[in-house]
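Here's a quick tour for anyone new to this one. Have a look at the structure first, then read on.

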Amino acid sequence: EKELINKIAFITGGSSGIGRATAQLLAQRGANVFMVDIDECGGEETISLITAEGGTAVFHKADITKEFEIQRSIEKCINEYGRIDSAINNAGICIGSKTAKYSEEDFDRVIQVNLKGTWLCMKHEIIFMKKQGYGSIVNTSSIAGLVGLKHHAAYVASKHGIIGLTKTAAVEYASNGIRINAVCPGTIKTSWVGENTRSLDRLHPMGRIGQPVEIAEAICWLSSDKSSFMTGQSLVIDGGRIAG
Ligand code: NAD
């Protein structure tokens, strides 16, 4: 079903993993995709995958921690496509360590990319969407945005922060026609997990970790008009991991 036909989707972190799967699914559903990432090679690969399937996508290299780069990306997207119907703030990093073992440098980096980077993207997407009078934003949080996760103190803090930003902006801009939601994936098979996933599989009541496309489906739905009365929510997609 081409429920996103002629929609313009702006997505960060489209060069691999969940972002790539989402960019592909958005294009399959009919959207024109504008991708932002620091990884140029991965971005070109995503573009090839999308164009091979007959979809439309553009890649722009930008670092989400740099405000002027994000501003420029959004301007480029608008110059290229004229508007932004959906924005997906998905780029993120994970540096694992226990609370008392994080170096200040690692802690700062995780907060910088995941929390500040997501906020900077939201800021400039909202500035534009307010003028436009509508829009949908989906942020990639994590189950680590809702529960603690051993050895991931800064990551957990950053993902909890993304949920706070999502709820706050949702109530601030609901009257401007902008919906803002988050997705909270359990462990997903991306470059972050190794080949042997048995110990991770066991953490999920369904007995397996998730696939990127299973998150992409939820993001596409939240991006589309099908979720038109939903805002400020965090949708958990985790095979039951934090349910019980
Ligand atoms: P990934 O490493 O495959 O993809 C992340 C992408 O973000 C990469 O292409 C990377 O180049 C890009 N990126 C990193 N820093 C950037 C920056 N400063 N500016 C622009 N782009 C940058 O990882 P993934 O697993 O697909 O993760 C995507 C999102 O999903 C992240 O926010 C992550 O926290 C979240 N998540 C992942 C899992 C999982 O198990 N893989 C679980 C829950 C949430």
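## H1 against H7

Helix H1 and helix H7 (residues 212-223) pack at about 55 degrees, their axes 8 Å apart. Axes here are lines fitted to C-alpha atoms, for helices over the stretch in contact, with angles from 0 to 180 degrees between N-to-C directions. That angle makes H1 oblique to H7 (under 35 degrees is roughly parallel, over 145 roughly antiparallel, 65 to 115 roughly perpendicular, and the rest oblique). Helices are DSSP runs of H or I, at least four residues, numbered from the N terminus.

On the H1 side, the contact includes Gly17, Ile18 and Leu25, and on the H7 side Pro212, Val213 and Cys220 are among the residues. In contact means C-beta atoms, placed from the backbone, within 7 Å.

## About the model

This is a predicted model, where local features need pLDDT of at least 70 and side-chain atom pairs count only at pLDDT 80 or more, while totals for chains, interfaces and linings use all residues. Residues are numbered from 1 along each chain as its sequence is written.

## H1 against H2

H1 (residues 17-28) also meets H2 (residues 40-52): their axes come within 10 Å and cross at roughly 25 degrees, which makes H1 roughly parallel to H2. Arg20, Ala23, Gln24 and Ala27 of H1 touch Thr46, Leu49 and Ile50 of H2.

## Around the ligand

So who sits by the ligand? It's surrounded by 29 residues, the closest being Gly13, Ser15, Gly17, Gly92 and Thr190 (near means a C-beta atom, placed from the backbone, within 6 Å). H1 gives the most to this shell, with three residues.

Terms used. Helices (H or I, at least four residues) and strands (E, at least two) are DSSP runs, numbered from the N terminus. Two residues are in contact if their C-beta atoms, placed from the backbone, lie within 7 Å.
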